Amino acid sequence: MAAPVDLELKKAFAELQGKMIDTQQKVKLADLQIEQLSRMKKHSNLTHAEITSLPDTTRMYEGAGRMFILQSKNEITNQLLEKQKTADEKIKELEQKKTYLERSVKDAEDNIREMLMSRRAQ
């Protein structure tokens with residue numbers, strides 16, 4: 001009877017190991033994306049702070065590939081604020097996803113611990 005139990009435990013451990021590796025990769029990816037979005041948000045914030053100190057009549061250009069497009073100060077300000085808002089929303093989503101992934105791995109570990117305890121009790 002020990003052989004089926006060992007095979008069952010071995011299979012559960014293999015599944016847990018695969019799940020943990022996959023989850024760790026997803027968590028690292030989420031961390032990288034959060035870091036990138038935070039940098040983009042900070043860049044937009046600093047640019048916005050610099051632009052607000054300029055007079056409204058200042059000619060401003062937006063870079064688009066290898067050319068520049070003349071834009072009003074209000075349009076550029078709105079674009080920067082929109083970038084910051086979008087980055088905040090994406091960061092929040094990624095942090096929720098990261099929390100969910102970490103919780104799912106912890107649940108899987110707890111399930112295997114319970115399985116081991118029940119096998120030892122028998």
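Student: How many salt bridges does a search of the whole structure find?

Tutor: This is a predicted model, in which local features need pLDDT of at least 70, side-chain atom pairs count only at pLDDT 80 or more, and totals for chains, interfaces and linings use all residues. Residues are numbered from 1 along each chain as its sequence is written, and side-chain values use heavy atoms, with hydrogens and water left out. A salt bridge here is a side-chain nitrogen of Lys or Arg within 4 Å of a carboxyl oxygen of Asp or Glu. The search of the whole structure gives a count of seven.

Student: Which residue forms a salt bridge with Asp31?

Tutor: Asp31 lies in helix α1 (residues 2–52) and its partner in helix α2 (residues 73–121), 67 residues apart; helices (H or I, at least four residues) are DSSP runs, numbered from the N terminus. The closest N and O atoms are 2.6 Å apart, and the partner is Lys98.

Student: Is Lys98 buried or partly exposed?

Tutor: Buried means under 20% relative accessible area, exposed over 50%, and partly exposed in between (1.4 Å probe, protein chains only). Lys98 has 22% relative accessibility, so Lys98 counts as partly exposed.

Student: What is the N to O distance between Lys41 and Asp88?

Tutor: Lys41 lies in helix α1 and Asp88 in helix α2, so the pair ties together parts that are 47 residues apart in sequence. Their side chains meet in a salt bridge, N to O, at 2.6 Å.

Student: Where do Glu35 and Arg39 lie?

Tutor: Glu35 forms a salt bridge with Arg39, the closest N and O atoms being 3.3 Å apart. The two are four residues apart, about one turn of the helix, and both lie in helix α1.
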